[in-house]
Each structure stands twice: as structure tokens, then as C-alpha cells.
Amino acid sequence: MKPSTKVAMENLIKEAREKIPFNLFMDGVCEGRCDVCPFKLLEFLDIDLSSWESRLKRGDTPNLGDVHTLGRQCKELYAIMQKKGLIKSGD
């Protein structure tokens, strides 16, 4: 049986918080393009995750599109961080 979208979102948030290193030090690493900057993207993803954590606590129920969108954002950021050498392959 598949989990509800609420449980799926909770699991996604938990996995993202465990696997994505939100505590990276970013001083002196700026490459000038914020749209591909892993540190800015980390910041945006952290905001989205925190927002969903709050919404879930209030009783909001995400739809499948919400879970898919957040999952895609996590996957894309993870790939960017691997490409930049901030996460080792296999982590």
C-alpha cells in the first residue's frame, strides 16, 4: 500500500534533511551566478522544507504535485552539489 501524500512528504523532508548538507560553510566560494549557486539553492530548499514542515504541523495535506515538485528540487540540488564536489558520489 502506498503512503498518503502527507506521509510521503514527511518522509521526503526527513530524507532531505539527512542527506543534503545544509550546514556547509560558504565564505569565499561565490562564483557570481546565484541561479546555479549550490549555497543559494540550499538556502531556497531549506526555506521550502521549513515551510512544508510548518504546514504539515498545522494539518495541511500536500497533493501529489507538491510532493513531486519538492522531490525534484531535492534531487536537482543534490546532483548540482555532487557535480561541484560538495557531496561525494554514493553518499
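**Exercise 1.** Work out how H1 and H3 are oriented to each other: roughly parallel or roughly antiparallel?

*Solution.* Start with the ground rules. This is a predicted model, where local features need pLDDT of at least 70 and side-chain atom pairs count only at pLDDT 80 or more, while totals for chains, interfaces and linings use all residues. Residues are numbered from 1 along each chain as its sequence is written, and side-chain values use heavy atoms, with hydrogens and water left out.

Step 1: find the helices. H1 covers residues 5-19 and H3 residues 64-83 (helices are DSSP runs of H or I, at least four residues, numbered from the N terminus).

Step 2: take the axes. They come within 9 Å and cross at roughly 15° (axes are lines fitted to C-alpha atoms over the stretch in contact, and angles run from 0 to 180 degrees between N-to-C directions).

Step 3: classify. H1 and H3 are therefore roughly parallel (angles under 35 degrees count as roughly parallel, over 145 as roughly antiparallel, 65 to 115 as roughly perpendicular and the rest as oblique). Their crossing is left-handed (the near helix is turned anticlockwise from the far one by less than a right angle).

Step 4: list who touches whom. On the H1 side, Ala8, Leu12 and Ala16 are among the residues that meet H3, whose partners include Val67, Leu70 and Cys74 (contact means heavy atoms within 4.5 Å). By class, this contact has 10 nonpolar, 2 polar and 2 charged residues (Ala, Val, Leu, Ile, Met, Phe, Trp, Tyr, Cys and Pro are nonpolar; Asp, Glu, Lys and Arg charged; the others, Gly among them, polar).

**Exercise 2.** Now bring in H2: how does H2 lie against H1 and H3?

*Solution.* Step 1: H2 spans residues 38-57, and its axis comes within 11 Å of that of H1, crossing at roughly 140°. That makes H1 oblique to H2.

Step 1: check this contact. Met9, Ile13 and Arg17 are among the H1 residues involved, with Leu49, Trp52 and Glu53 among those in H2. The classes come to 6 nonpolar, 1 polar and 5 charged.

Step 2: for H2 and H3, the axes come within 10 Å and cross at roughly 155°. H2 is therefore roughly antiparallel to H3.

Step 3: the H2–H3 contact includes Leu41, Leu45 and Trp52 of H2, and Leu70, Leu77 and Ile80 of H3. It divides into 11 nonpolar, 1 polar and 2 charged residues.

**Exercise 3.** Which residues line the largest pocket?

*Solution.* Step 1: the lining is Leu12, Glu15, Ala16, Lys19, Ile20, Cys74, Lys75 and Tyr78. (On a 1 Å grid over the protein atoms alone, a pocket is an open set of points where a 1.4 Å probe fits, with protein on both sides within 12 Å along at least five of seven lines; lining residues have an atom within 4 Å of a point.)

Step 1: assign elements. H1 gives the largest share, 4 residues.

Step 2: sort by class, giving 5 nonpolar, no polar and 3 charged.

Methods:
Helix = DSSP H or I, 4+ residues; strand = E, 2+ residues; numbered from the N terminus.
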